[in-house]
Amino acid sequence: MANSIPKRIGVLTGGGDCPGLNAVLRSVTKHALQAGIDVRGIEDGFLGLIENRVRQLRYDDVSGILKLGGTILGTSNKANPEKFATGFDEKGEVIWEDVTDRCFKTIEEHGLEALVVLGGDGTMICAQPFAKAGIPVIGVPKTIDNDVLGTELTFGFQSAVEIATEAIDRVHSTAESHGRALVVEVMGRNAGWIALRAGVAGGADVILVPEIPFSIDHVIEKIEWRRKLGRRATIIAIAEGATMVGGEQVVHALDPTSPDPVKLGGIGNMVAKLIDERSPVESRAVTLGHVQRGGSPVANDRVLGTQFGAAATQLLLDGHSNRMVAWVKGRVTHIDISDPAEGQRVIGADDPLVAAARACYVSFGDTSPRDLAEEMTGNGPRGLLR
Ligand code: F6P
């Protein structure tokens, strides 16, 4: 049975921020206001529900924010109401508590009849107890990682790709000048989408992603292969979650108070060091880090955010509950909000962009480069060294 149209909704942004959050907030709110729905902004994601920090969102609050980076509501990537760190015990262990009752109190006090949650898989999981309790919840998939299951696109991703592409573009000239191997580490958790897309767009010679474990020997072979062709520089785009064959992800930090405690980072430096040690070529690493999450969203994310936000409010107007807006086959659609909890969307073995990159001599560090001598005798494809 369809739900009745809510008179007042709460909206929050959860998890790590990304460009486009404000575009979605603006769109959700403007569409709701036009339909006569009162909108309340919950501060700092689910933390605002736990701590009862809720404020009204009027037209003026969301006007002019389309191109602003970050989120006007603030966010938190530690506030899972079902598993919330409330302190440390005498042994220094984190004390976890289920504080969903505090959230229900806030929801009741502010008369919130539905929730719109902007976030990644973690946020969709945090929303489950409210959806199960009969509060209509609509999710909007956000993350630079583009790893939310059930949607081919999350907002924020295309902005991160643009930033990473520009960084890769910029290291080409310095790598050429010095004849170096330049390693550019990008974010993405366990998914290599940013590295793959920015690597292809930035003309990287080697792209290393978590989905395809690499061998440092193959990476060095590729550097040498290029040098034999007269190419002094090699550009390597690497995802923070990439691993060597039989190796483990490189952890930059552990945050015990977070339900997602592992912070990846450092594989780029490790690869640069190994190239330095094991080859005659000098190498340097650049880690882009949070630069990828900062600043204004690109046009595509503003448009996607506007479409996603309007669709979220429309789902409530149409009486839907517990759905997540999604981008599938070039259109906005919606899926069950619990679907993203099933896992992460990663690059498939048959990904067409991986194939296109390989077709352009890009190495994924999993095989040796084509044999140059063979290519030059004419038995292989022509064109090299001619
Ligand atoms: O999920 C987005 C993301 O930027 C990941 O790519 C990265 O691993 C992580 O968040 C970093 O988290 P934090 O902002 O907590 O350092």
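**View 1. Buried residues of helix H1.** Leu21, Asn22, Ala23, Val24, Leu25, Arg26, Ser27, Val28, Thr29, Lys30 and Ala32 of H1 are buried, where buried means under 20% relative accessible area, exposed over 50% and partly exposed in between (1.4 Å probe, protein chains only). This is a predicted model, in which local features need pLDDT of at least 70, side-chain atom pairs count only at pLDDT 80 or more, and totals for chains, interfaces and linings use all residues. Residues are numbered from 1 along each chain as its sequence is written, and side-chain values use heavy atoms, with hydrogens and water left out. Because eleven of its 14 residues are buried, H1 is largely enclosed by the rest of the structure. The cover over these buried residues includes strands S1 (8-13), S2 (38-42), S6 (114-119) and S7 (137-141), together with helices H3 (59-62) and H11 (299-317). Contact here means heavy atoms within 4.5 Å.

**View 2. Length and end of H1.** Helix H1 runs over residues 21-34 and reaches 20 Å from its first C-alpha to its last, close to the 20 Å expected at 1.5 Å a residue. The expected span is 1.5 Å times one less than the number of residues. Helices (H or I, at least four residues) and strands (E, at least two) are DSSP runs, numbered from the N terminus. Just after H1, Gly36 has a positive phi of about 80°.

**View 3. The pair Arg40 and Asp38.** The side chains of these two residues form a salt bridge at 2.6 Å, N to O. A salt bridge is a side-chain nitrogen of Lys or Arg within 4 Å of a carboxyl oxygen of Asp or Glu. Arg40 counts as buried at 15% relative accessibility, and Asp38 counts as buried at 17%.

**View 4. The pair Asp255 and Lys78.** In this salt bridge the closest N and O atoms are 3.0 Å apart. Asp255 lies in the loop between strands S11 (251-254) and S12 (262-264), and Lys78 in the loop between H3 and strand S4 (84-88), so the pair ties together parts that are 177 residues apart in sequence. Asp255 is buried at 18% relative accessibility, whereas Lys78 is partly exposed at 33%.

**View 5. The pair Arg189 and Asp145.** Here the closest N and O atoms of the salt bridge are 3.4 Å apart. Arg189 sits in the loop between strand S8 (181-186) and helix H8 (193-201), and Asp145 in the loop between S7 and helix H7 (157-178), so the bridge ties together parts that are 44 residues apart in sequence. Arg189 is partly exposed, with a relative accessible area of 22%, while Asp145 is buried at 8%.
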